[in-house]
Amino acid sequence: MTKGYVLCVLVFFVLATEFGFVPMAAYGRPADQAIATGVLPGAIYANRDPYLFIHNAGLLTLQVTNLGLIGNPENQEFSAGWDGNEYLYSSGLWVGAIGGDSNPHVSSSDTRTYEFLPAIDPIATIYESFEGIRNGIRLGAENTETADDDGDGLVDEEFHNGLDDDGDGRIDEDYEAIGQQMFSCEYRDDTPEAIANYPEHSPLNITVRQRSFQWSAEGINQFVGFDFEVINHGEQRLRKVYLAFFSDSDIGPKGAPGYPDDDRFGWARIDTTVVRGDGGSGGACAAERLQIDTAYMWDQPDDGNQVNGGDAPGYFGSLFLGHTTDDTGITAPQQVGLSTIDWFSREGARGDPTTDDERYALISKGTKPTRIPTAPRDYR
């Protein structure tokens, strides 16, 4: 693709057996302090107070950054908290493609590589909103006229980022706010800081617009939804583009000795039917069959002998819900689907992929596990 975009939707969830809520305080370090102390970019998550942002409208709390990283192991709070336990070390966005040099390149965020960064500017932070907020009325909430917040004949033409995206001299005057809590931010893989930190890495020259949503109503309050818009702002043509998430779900009582080492991994394909109607006005309803892939982890119960670290209930995982398509293949793929699911462990024979070649080979190989590991370990 040239100067186009791709869009995908991801949900992180807890499948609960018990209920609990742990409020969490957000804290961090301003960008200038991080630069002065040499902590760059690990401590920069949002360039204004409180610097770190946490979804806490529902029963699952989840730290969100503007570095392509979901969860945050850099502080003592929960990355993903539920029922008083930890469920996530971190999950990082990977975007891989064949670049203009015909070689594979992967821009990634995890605790070893921060190749996605925002601008070092107070504007380049995380913006919070909620459904019904001024300037954030979305199409379908009431009617088209209401959703046109600024009365210019366009609907939701802005992205909530502190910038004048449509060039009309106004900032964030008409965007789309979803849920009881929404966070919006954007970052890219070719900032001067990212290039200076990783001079051997070849950026794809992409911008990522990230939105995350949470609801407080019973029945929909144990997950956080993510929407990623990936924009090619460079001049090279990107082919065979893959989006991936590398997740390390350390599950258990946070701080208990060995709690990350006794996790289990699994994945499943869910066949379901969704009935789509017209909101009850008497029109016909249509049933649509869907296949949804989920990868998840859980905590192996302690046996008092070889498995220790404390116990945490429930399952923590991710659902991949959708992706834009384009029949021409110019702005998005013509067809989409989940390519690869794989797992690694610290104690296993295979180490985590670290080079661009290894990462691209992993996310593009198109296989899913036929054998699920049975031994509890520190899985990714």
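This is a predicted model: local features need pLDDT of at least 70, side-chain atom pairs count only at pLDDT 80 or more; totals for chains, interfaces and linings use all residues.
Rings of Phe, Tyr and Trp, the last by its six-membered ring, count as a pair if their centres lie within 6.5 Å.

My search of the whole structure gives 16 aromatic pairs.

I looked up the pair of Phe-116 and Tyr-187. Their ring centres are 5.6 Å apart and their planes stand at 65 degrees, so I log the pair as edge-to-face, the cut-off being over 60 degrees. The pair links distant parts of the chain. I place Phe-116 in the loop between β8 (104-108) and β9 (127-129), and Tyr-187 in strand β10, 71 residues apart. Phe-116 has 0% relative accessibility and counts as buried. Tyr-187 is buried as well, with a relative accessible area of 2%.

Next I took Tyr-242 and Tyr-360. The centres of these rings are 5.8 Å apart and the planes are at 85 degrees, so this pair is also edge-to-face. Here too the pair links distant parts of the chain: Tyr-242 is in strand β13 (residues 239-248) and Tyr-360 in helix α4 (residues 356-364), 118 residues apart. I note Tyr-242 as partly exposed, at 24% relative accessibility, whereas Tyr-360 is buried at 9%.

**Entry: a charge over a ring**

I checked Trp-94 and found Arg-359 over the face of its ring, at 5.1 Å from the ring centre.

**Entry: Tyr-198**

Where does Tyr-198 lie? I find Tyr-198 in the loop between α3 (192-197) and β11 (206-214). Its relative accessible area is 15%, so I count Tyr-198 as buried, the limit being under 20%. Leaving out residues up to four places away in sequence, I list Arg-112, Thr-113, Tyr-114 and Glu-115 as touching Tyr-198. Tyr-114 is 84 residues from Tyr-198 along the chain, yet their C-alpha atoms are separated by 8.7 Å. The side chain of Tyr-198 reaches the backbone nitrogen of Tyr-114 at 3.1 Å.

**Entry: Asn-161**

I then turned to Asn-161, in the loop between α2 (144-147) and β10 (181-188). Is Asn-161 buried or exposed? At 4% relative accessibility, I record Asn-161 as buried. A polar atom of the Asn-161 side chain lies 3.0 Å from the backbone nitrogen of Leu-163. Not counting residues up to four places away in sequence, I find Asn-161 touching Ile-123, Tyr-127, Asp-172, Glu-186 and Arg-209.

Note on methods:
Residues are numbered from 1 along each chain as its sequence is written. Side-chain values use heavy atoms; hydrogens and water are left out. Helices (H or I, at least four residues) and strands (E, at least two) are DSSP runs, numbered from the N terminus. Buried means under 20% relative accessible area, exposed over 50%, partly exposed in between (1.4 Å probe, protein chains only). A polar contact is a pair of N or O atoms within 3.5 Å; within protein, one must be able to donate a hydrogen and the other to accept it, and residues adjacent in sequence count only if both atoms are side-chain atoms. Contact means heavy atoms within 4.5 Å. Rings of Phe, Tyr and Trp (its six-membered ring) pair if their centres lie within 6.5 Å; planes under 30 degrees apart count as stacked, over 60 as edge-to-face and the rest as tilted. A charge sits over a ring if NZ of Lys or CZ of Arg is within 6 Å of the ring centre and within 35 degrees of the ring normal.
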